[in-house]
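Have the structure open while you read.

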Amino acid sequence: MVCEKCQKKLGKVITPDPWKSGARNITEGGGRKVNENKALTAKKSRYSPYTASFDKCRICKTTVHQVGSHYCQGCAYKKGICAMCGKKIIDTKNYRQTSV
């Protein structure tokens with residue numbers, strides 16, 4: 001779970017999505033440029049295993065699988081918070097949040 005503010009920090013996929021209406025990497029409307037080499041232009045959002053260090057989850061202390069996140073996906077889902085900044089997204093009072 002990621003909030004709208006942290007949605008911009010996520011990396012983009014090189015290949016375009018076939019589902020166009022909700023995709024972030026489409027060519028229409030300023031999403032992707034035509035004939036753009038994403039391997040060369042997207043240096044900051046591309047994953048590099050040598051420079052990126054994965055943090056520990058602030059709740060359960062397991063390794064986080066996303067660069068820039070402070071909470072693992074399981075804890076973010078259970079608490080209803082953003083995995084990157086910790087902002088409350090949904091109220092989980094009336095839900096039964098489990099991670100099976």
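## A lysine on the surface

Lys87 counts as exposed, with 51% relative accessibility (exposed is over 50% relative accessible area, buried is under 20%, and partly exposed is in between, using a 1.4 Å probe and protein chains only). You'll find Lys87 in the segment after helix H3 (73–79).

## Where the numbers come from

This is a predicted model, where local features need pLDDT of at least 70 and side-chain atom pairs need 80 or more, while totals for chains, interfaces and linings use all residues. Residues are numbered from 1 along each chain as its sequence is written, and side-chain values use heavy atoms, leaving out hydrogens and water.

## The overall fold

The chain has 3 helices and 0 strands, running α-α-α from the N terminus (helices are DSSP runs of H or I with at least four residues, strands are E runs with at least two). Of its 100 residues, 25% count as buried.

A search of the whole structure turns up 0 disulfides (pairs of cysteine sulfur atoms within 2.5 Å). For Cys3, the nearest cysteine sulfur is that of Cys6, 3.6 Å away. Cys3 counts as buried, at 7% relative accessibility.

Cys82 is in no disulfide either, with the sulfur of Cys85 the nearest at 3.6 Å. Cys82 is buried, with a relative accessible area of 0%.
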